[in-house]
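Biologist: Please take a close look at one part of this protein, the surroundings of its ligand. I would like a single connected account, with the cut-offs stated.

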Amino acid sequence: EDLTAFIQAMPKTELHVHIEGTLEPEMKFQLAKRNGVALPYNTVADMRASYNFHDLQSFLKIFYEGKSVLLKEQDFYDLTYAYLTKAAYQNVLYSEIFFDPQMHTDRGIPFETVIMGLTRAQADARRQLHIDSQLVMCFERELSADSAMRTLEMALPYRQHIVGVGLDSDEKNNPPDKFRTVFARARQAGFHLTMHCDLDQLETHEHIRQALEDLHTDRIDHGGNILERADLVAVARRRGVAFTVCPVACGWLRQNGENINIVRGMLDQGLKVTVSSDDPAYMKGNYVGQSLIVAQGDAALSRQDLLTITRNGIDAAWISAAQRKDYL
Ligand code: HPA
Ligand code: ZN
C-alpha cells in the first residue's frame, strides 16, 4: 500500500536533527559570499558531489567543513529559520533541535551569538509558521570532559532556552562514561539527557549499556545495535527509553549475513522508536517526511505502525503534560 500521502499529511515530531546538518549547499554559498569566506567548491553541484562518506568519521570530516560560513548571529538565525520552514511545510508540529556549541566557540564565536540566532529564529517560526521547537545542546565527545563541563557552565545563564543535553561526533574510544560527571551535573541542573550510540561503533553494546545503566539517559540517538542484546532491550523497554532512529543514515543492521530493519526490529521488541532526519542537508535533502517514507518502504510500516511512531514521538518529547495532551 502506498502510504506517501498519509505520511505527508500526518502531524509529526522530530527529535534528532543537527542544526548544522541542515545547512544546504545553496545557503552555504550565500553565507560564504555575505561573510567573505572562500569555499573549496565553485558550484552547488560540485559541493553536493563532495558529500561522499562511508562511515561516521568520513561523514564528520565533510560535516565540519561546513561550519566556516557560520559566523554571525544572523547566520545562525537564517540557518534555523530555513530548517523550521521546511519542517513546518512537512507538518512537523514540534522539533527538538541539536546544536553543537563547541563547533563554534572553539572558533572564537561567542556562545551568546549562537544561542541568540537560534532562539530568535525559533520565536519567529513559532509565531509565523506555527511550529514549536526546543534546543538540545550536544557535547563533542572527542573533546575532553573538561571542555564539555566548561560548555555546560557557559550554557547555564541560558538555561531557559535549552531543554536537554546530548553527546555526538566521533564515538571511537569516546564512551558515554567519559562524560559521567558532566551528565550528572547536567541532570542536577534540570536538563534532560540523550546521547548518540551510532550504528556499528567499536564497543557499541558497552556504550549502550553505559548510556542506559550508568548515565541513566532518557533517550538514545540511533542505538540500532541494541537489537543484538536482549538484556539491554529489556532494560530500555522497562525504563521507557526512547530511540531516535534515522532511517536514511542508519536504517539497517547486518546480522549473520541478514539485514534487519532497525525501525521494524524496535517496533517488534516494544521499544519506543521514533523517526528523524539527523543531517538532512548531507543526506540528499531527506528531511523527516522523506525519512518516514523511507522507513515505511523499508520496514513495510502499516498505518498503525506509523501512528505508533507518531505517538512515541509525542511521548518522548521533552514537553509539559499540558502540551503533550494538546498534541494527542
Ligand atoms: N552522529 C554523530 N555525530 C554527529 C551526527 C551523528 O549522527 N550528526 C552530526 N554530528
Ligand atoms: Zn545525529
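Modeller: What follows goes from the ligand shell to the annotated residues and then to the rest of the fold.

This is a predicted model, in which local features need pLDDT of at least 70 and side-chain atom pairs count only at pLDDT 80 or more, while totals for chains, interfaces and linings use all residues. Residues are numbered from 1 along each chain as its sequence is written, and chains are lettered from A and ligands numbered from 1 in the order in which they are written.

Around ligand 1 are His-18, Gly-21, Phe-63, Asp-168, Ser-169, His-196, Asp-198, Asp-278 and Asp-279; a residue counts as near if its C-beta atom, placed from the backbone, lies within 6 Å of the molecule. By class this shell holds four charged, four polar and one nonpolar residue. Here Asp, Glu, Lys and Arg are charged, Ala, Val, Leu, Ile, Met, Phe, Trp, Tyr, Cys and Pro are nonpolar, and the others, Gly among them, are polar.

An unreviewed UniProt entry lists His-16, His-18, His-196 and Asp-278 under "binding site"; positions are in the numbering used here, feature names are shortened, and annotations may be inferred rather than shown by experiment. These residues are spread over 263 residues of sequence, yet they cluster in space, with a largest C-alpha distance of 11.8 Å.

His-18 lies in strand 1 (residues 12-18); strands are DSSP runs of E of at least two residues, helices are runs of H or I of at least four, and both are numbered from the N terminus. His-18 is buried, because 27 other C-beta atoms lie within 10 Å; buried requires 20 or more such atoms, exposed 12 or fewer, and partly exposed is in between, with C-beta atoms placed from the backbone. Not counting residues up to four places away in sequence, His-18 touches Phe-98, Asp-278 and Asp-279, contact being C-beta atoms, placed from the backbone, within 7 Å.

His-196 belongs to strand 5 (residues 192-197). His-196 is also buried, with 25 other C-beta atoms within 10 Å. Its contacts, leaving aside neighbours within four places in sequence, are Gly-166, Leu-167, Asp-168, Glu-171, Asp-221 and His-222.

As for the setting, the protein has 15 helices and 10 strands, and buried residues make up 49% of its 328 residues. Of the contacts with a separation of 6 or more, 76% join residues 24 or more positions apart. The C-alpha atoms fill a box of roughly 50 × 45 × 45 Å along the principal axes.

Key. Two residues are in contact if their C-beta atoms, placed from the backbone, lie within 7 Å.
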